[in-house]
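Here is a friendly note to read alongside the model.

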Amino acid sequence: MQLRDMQFAKITGTEVTVKVSSAAEAKSAIKELRHKKKEVGLLKRRVAAELKRARTAEAKAERAAARTRRQSGFFAALGRLSSAFGSDDHSGDVERLEKDLVHTEEILHNIESCIIQLEGKLLS
């Protein structure tokens, strides 16, 4: 997902910085940050859904592997041999998606922090 560039704020990694010089710019920056918060929230929900699917696939693969280990006979041995050469490792996907989820949560937290700081400056 390509996020829209912002005029007053900049996101580098998980760090969110805002540069404003007037109250009008601060109000525009708040609107911009609220919009970005919605964008990142949508991204977070999508990553969470992908993580749920990856965990389900991983659990299904683990159950299938356990079922295969319990089976005996010639065809079970062939199945175990063919699965040894397969690349059905979903743990890398789960770890990557968990990191992405933590990353988006941290960005959301930092965006909320910037909004609160800008609103505080406008009140004083």
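Predicted model: local features only at pLDDT ≥ 70, side-chain atom pairs only at ≥ 80, totals over all residues.

1. Setting aside residues within four places in sequence, Asn110 is in contact with Thr14, Glu15 and Val16. Asn110 itself sits in helix α3, and its side chain reaches the backbone oxygen of Thr14 at 2.4 Å.

2. Now look from the other side of that contact. Thr14 is placed in the loop between β1 and β2. Is Thr14 buried or exposed? With a relative accessible area of 19%, Thr14 is buried, because the cut-off for buried is under 20%. Not counting residues up to four places away in sequence, Thr14 touches His103, Glu106, Ile107 and Asn110. One of these contacts is polar: the side chain of Thr14 meets the side chain of Glu106 at 3.0 Å.

3. The protein chain has 3 helices and 2 strands, and from the N terminus on its elements run β-β-α-α-α. Of its 124 residues, 24% are buried. The accessible surface comes to about 9,000 Å², with 54% of that belonging to carbon and sulfur atoms. Among contacts with a separation of 6 or more, 80% are between residues 24 or more positions apart.

4. Which residues of α3 are buried? They are Val94, Leu97, Leu101, Thr104, Ile107, Leu108, Asn110, Ile111, Cys114, Ile115 and Leu118.

5. The largest nonpolar core has 15 residues, and Val16, Leu33, Val40, Ile111, Ile115 and Leu118 touch the most other members. The elements giving two or more residues to this core are α1 and α3, and α3 supplies the largest share, 6 residues. Apart from this core lies another of 7 residues, among them Leu43, Val47, Ala54 and Val94.

6. Leaving aside neighbours within four places in sequence, Ile111 is in contact with Ile11, Val16, Leu33, Lys36, Lys37 and Val40. Two of the residues named there, Lys36 and Lys37, come back in the points on charge below.

7. How many salt bridges are there? The count comes to 6. As background, side chains of opposite charge can pair when their charged atoms come close. One of the pairs is Lys36 with Glu39, where the closest N and O atoms are 3.0 Å apart. Both residues lie in helix α1, 3 residues apart, about one turn of the helix. Are these two partners buried or exposed? Lys36 counts as buried at 3% relative accessibility, and Glu39 counts as buried as well, at 14%.

8. Another pair links two helices. Glu112 forms a salt bridge with Lys37, with the closest N and O atoms 3.4 Å apart. Glu112 lies in helix α3 and Lys37 in helix α1, so the pair ties together parts that are 75 residues apart in sequence. Glu112 is partly exposed, with a relative accessible area of 34%, and Lys37 is partly exposed too, at 31%.

9. Finally, Lys44 forms a salt bridge with Glu105, the closest N and O atoms being 3.9 Å apart. Lys44 is in helix α1 and Glu105 in helix α3, so this pair ties together parts that are 61 residues apart in sequence. Lys44 counts as partly exposed at 28% relative accessibility, and Glu105 counts as partly exposed at 37%.

Terms used: Residues numbered from 1 in each chain as written. Heavy atoms only, no water. Buried < 20%, exposed > 50% of the residue type's maximum accessible area, 1.4 Å probe, protein only. Helix = DSSP H or I, 4+ residues; strand = E, 2+ residues; numbered from the N terminus. Salt bridge = Lys/Arg side-chain N within 4 Å of Asp/Glu carboxyl O. Core = buried A, V, L, I, M, F, W, Y, C linked by side-chain atoms within 4.5 Å. Contact = heavy atoms within 4.5 Å. Polar contact = N/O pair within 3.5 Å; in protein donor to acceptor, adjacent residues only side chain to side chain. Areas by Shrake-Rupley, 256 points an atom, 1.4 Å probe, with all protein chains shown as cover.
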